[in-house]
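Please take a moment to look over the structure shown below before reading on. The paragraphs that follow lead through it step by step.

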Amino acid sequence: MIDYYRRVPDELKFYRRWMRWGLHNGTKIPLQADGQTWAKSNDANTWTDFDSIAQHQRIAIGIEDPFTGIDLDNCLDDQGRLRDWAKPIADQLRGVAYGEYSPSGQGIKFLTRARKPAGAICVRKFGDDKQQLECYDHARFWTITGEVVTGFESIGDGQTAIDAICRQYLTPTQQTAVPPRAVASGLACGDIVTRAMAYADTIPGETKGNLRNAAFRLSGNLHAFQDDIGNRLSDEQVLDLLRGWNLRNTPPLRDSELQEATVNGRKNGTARAAKLPTAFPEIDLSGVDLSAIIAPQPVAQIQTTPNDTKLPEELMSIPGLIGDVMHHNLQTAHYPLPELALAGALSLMSTLTGGKVVDKVRTRTNLFVIGLAPSGGGKDHSRKLNRNILRGAGHNEVVGPERIGSHAGIISTMAEQWLTLFQLDEIGHLVMAMQDRGSPHLVQISAVLMQLFSSADSEWISDAYGDRNKVKRLLYPHAVVYGTSVPEGFWESLTEDNLKGGLIGRCLVFESRKYVDYQEPSEDEIPEAIVERARWWLDLKTHAGNLAGTTGGAHPRRVDRDESAHKRLHQHTIDISKRLMSESPIRSAIWSRAAEKTNKLALLFACSRAEGEDWPTIQLEDADRAIRLNNWLTRRMLQAADRHVSGSEFERQVNQVRSLLLERPGGWWTMTEITRRTRKLTPKQRQEVLQTLLASELVTSQVSEAATKPVTMWMSLENSD
């Protein structure tokens with residue numbers, strides 16, 4: 001390894017996102033590990049691990065979740081001092097970002113853990129000499145020099161800083177008006193720059209031979225974006241978008257060619273369907289007829305978490321027992337569901353290690369896990385596999401009831417067996433029942449589960465009764481819950497009250513929203529190696545003496561953290577605590593248990609690798625995987641709650657229609673389709689809901705002149721959180 005790369009944070013080295021880079025016609029281009037083959041900033045198949053390139057001079061990393069990069073181009077004067085415009089930006093990043101001098105020595109590049117807020121642009125210029133601020137959180141390769149700026153040695157949670165920087169410097173502003181072209185009449189919503197950026201992100205790179213034509217076409221399409229008073233993108237803004245697209249080309253065009261395409265696209269380009277911004281008139285939507293459909297322009301804006309539910313591949317590759325259980329699950333399932341295979345394997349590992357291990361902050365491994373998948377899509381396979389593994393290991397006693405009728409039922413089960421895995425089908429029905437104030441025995445289920453979640457390292461005492469014999473005392477109760485449900489049924493069963501109540505915030509929710517292809521399952525038996533390791537954990541005696549194995553989880557064995565892992569997890573806890581101070585009550589309730597769940601996951605990942613007497617240690621790899629996985633799941637939960645959870649009947653109706661439109665991201669819905677899919681709404685209710693969505697800029701409408709009667713289309717423009 002080149003010596004100055006030793007200062008690069010280990011957190012970055014963990015990811016398989018590394019490339020080399022070179023110069024082509026004066027432009028930096030990404031290269032694969034061989035230094036000859038082109039790499040792509042948006043194609044993980046062209047990346048490699050850090051060790052494979054650490055001996056080379058020019059290296060780079062691909063920017064993706066959870067990182068955001070801030071590049072201050074030409075921010076240093078001739079004496080190497082920060083220019084005035086760069087000082088407040090650097091000050092906001094101090095303590096939360098890793099900073100390096102750029103290859104030119106004239107700029108500084110920062111990396112922090114954050115996502116750009118929706119609508120933020122990428123570039124802000126300051127005067128001459130190419131002085132500018134750039135901000136990216138995906139599909140960008142980032143040169144790494146190892147020449148660390150003093151005071152910026154490590155990466156932290158920079159979400160607050162990125163939000164402030166984007167708000168101050170990267171908020172789109174009104175552009176100078178340019179005479180609009182003749183376009184089809186219509187209405188659309190959203191800021192012109194934001195929509196153009198989202199569109200440019202959907203355009204794939206080209207190969208040699210078609211580059212100039214592709215640049216010309218894209219330029220023409222970008223110049224066609226227009227707001228309600230005829231404003232268009234400037235040549236400079238189009239050029240910036242072309243430069244971003246050019247990074248995906250093999251090889252990229254010279255900058256002079258991009259400048260030429262920018263001007264020619266404005267003068268001679270043939271635009272796609274023009275995009276106009278929304279006006280918000282009082283529209284009577286009832287009775288609108290449909291007889292034609294016009295082709296929409298892609299507007300799917302993905303500035304943060306991708307608008308799908310597929311976990312990143314690197315988070316699905318868990319070493320050890322968890323990964324082996326997942327592999328067997330997917331091989332033997334009629335409908336292989338990777339997300340639920342991971343959910344089920346974590347629930348099993350949580351059960352196997354119950355009362356056996358603890359880390360330096362007294363973390364126990366009990367989890368509440370929920371797996372969501374379509375009806376008839378194979379949700380039960382993970383539950384069956386867990387039962388069979390536990391029975392095969394000779395510990396059928398830890399397999400608990402598959403239905404919960406009351407809080408008293410939970411208590412009596414745990415009093416009889418301190419370590420219990422509850423595997424519940426259609427948990428969404430249970431969540432809904434827990435809201436029935438007329439059934440206090442069901443309402444109390446939520447309270448008891450939350451208390452048990454936090455009592456695995458202590459004693460829990462049940463309600464007081466006149467008959468003291470009825471009072472239950474549970475020592476170190478290790479309750480694991482793995483529930484499954486259909487996505488819509490689960491999310492729509494939630495309310496603001498039970499989100500703020502804290503039970504859902506304690507859960508890890510894995511979602512496989514779409515049906516998957518049927519496969520002929522393997523008939524292999526559960527590998528003996530899996531059964532043996534399960535038996536080893538369940539039979540493990542963590543202390544000696546005549547009470548060994550009889551006092552539940554009273555004497556767990558410690559799993560240490562290495563220094564880098566502890567530092568990472570400790571900083572994550574601090575970052576979460578700061579986040580809670582600025583979030584809404586619902587978001588705070590969901591984030592409040594994030595650090596605790598992350599510690600549990602890191603401990604489980606370390607235990608997954610345990611083999612016989614080879615006792616595990618929590619390593620940076622475990623900590624980073626746990627943080628990334630839990631942050632990803634938490635953001636998905638926040639997004640789903642935002643879409644589905646309502647505080648009133650009208651909000652529920654708005655969320656219902658909003659969720660409907662999201663079934664076709666980036667596409668149009670006709671009024672006929674919407675009416676057919678929302679038959680439970682009256683015409684007046686439907687009109688009020690759609691007008692609300694219009695006014696809130698969550699959808700856009702467009703009117704076609706292609707038919708004898710006007711046609712109104714609807715499209716979702718919602719961003720992921």
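Is the crossing of α17 and α19 left-handed or right-handed? The crossing of α17 and α19 is right-handed, where a crossing is called left-handed if the near helix is turned anticlockwise from the far one by less than a right angle, and right-handed if clockwise. The helices and strands named here are DSSP runs numbered from the N terminus, helices being H or I runs of at least four residues and strands being E runs of at least two.

Before going further, a word on the model and its numbering is in order. This is a predicted model, in which local features need pLDDT of at least 70 and side-chain atom pairs count only at pLDDT 80 or more, while totals for chains, interfaces and linings use all residues. Residues are numbered from 1 along each chain as its sequence is written, and side-chain values use heavy atoms, with hydrogens and water left out.

The chain as a whole comes first. Its secondary structure comes to 23 helices and 20 strands, and of its 721 residues, 55% count as buried, a word that means under 20% relative accessible area, whereas exposed means over 50% and partly exposed lies in between (1.4 Å probe, protein chains only). Among the contacts in the chain between residues at least 6 apart in sequence, 76% join residues at least 24 apart, a contact being heavy atoms within 4.5 Å.

Two packed helices are described by the angle between their axes and the distance between the axes. Helix α17 (residues 563-580) packs with helix α19 (residues 594-608) at an angle of about 160°, and their axes are 9 Å apart; such axes are lines fitted to C-alpha atoms, for helices over the stretch in contact, and the angles run from 0 to 180 degrees between N-to-C directions. The two helices α17 and α19 are therefore roughly antiparallel to each other, since angles under 35 degrees count as roughly parallel, over 145 as roughly antiparallel, 65 to 115 as roughly perpendicular and the rest as oblique. On the side of α17 the contact is made by Leu569, His572, Thr573 and Ile576, and on the side of α19 by Ala594, Ala595, Thr598, Asn599 and Ala602. These residues of the contact of α17 with α19 divide into 5 nonpolar, 4 polar and no charged, with Ala, Val, Leu, Ile, Met, Phe, Trp, Tyr, Cys and Pro counted as nonpolar, Asp, Glu, Lys and Arg as charged, and the others, Gly among them, as polar.

A second pair is formed by helix α6 (residues 235-246) and helix α7 (residues 255-268), whose axes come within 9 Å and cross at roughly 130°. At that angle α6 and α7 are therefore oblique to each other, and α6 passes α7 in a right-handed crossing. Among the residues that make the contact are Val238, Leu242 and Trp245 of α6, together with Leu258, Ala261 and Arg266 of α7. By class, the contact of α6 with α7 has 7 nonpolar, 3 polar and 4 charged residues.

Helix α3 (residues 159-169) holds isoleucine 162, which counts as buried at 0% relative accessibility. Isoleucine 162 and lysine 116 are 46 residues apart in sequence, yet they are 6.6 Å apart in space, C-alpha to C-alpha. The buried residues of α3, including Ala161, Ile165 and Tyr169, pack against β4 (67-73), α2 (87-93), β6 (108-113), β7 (123-125), β8 (132-136) and α17.

Arginine 17 has its place in the loop between α1 (10-13) and β1 (18-24), and arginine 17 is buried, with a relative accessible area of 3%. Its side chain reaches the backbone oxygen of aspartate 65 at 2.5 Å, and aspartate 65 is in turn joined to proline 66 by a cis peptide bond with omega of about 15°. Proline 66 is placed in the loop between β3 (59-63) and β4.

Threonine 353, finally, lies in the loop between α9 (338-352) and β10 (357-358), and at 0% relative accessibility threonine 353 counts as buried. Leaving aside neighbours within four places in sequence, threonine 353 is in contact with Thr365, Trp537, Leu604 and Cys607.

Terms used
Polar contact = N/O pair within 3.5 Å; in protein donor to acceptor, adjacent residues only side chain to side chain.
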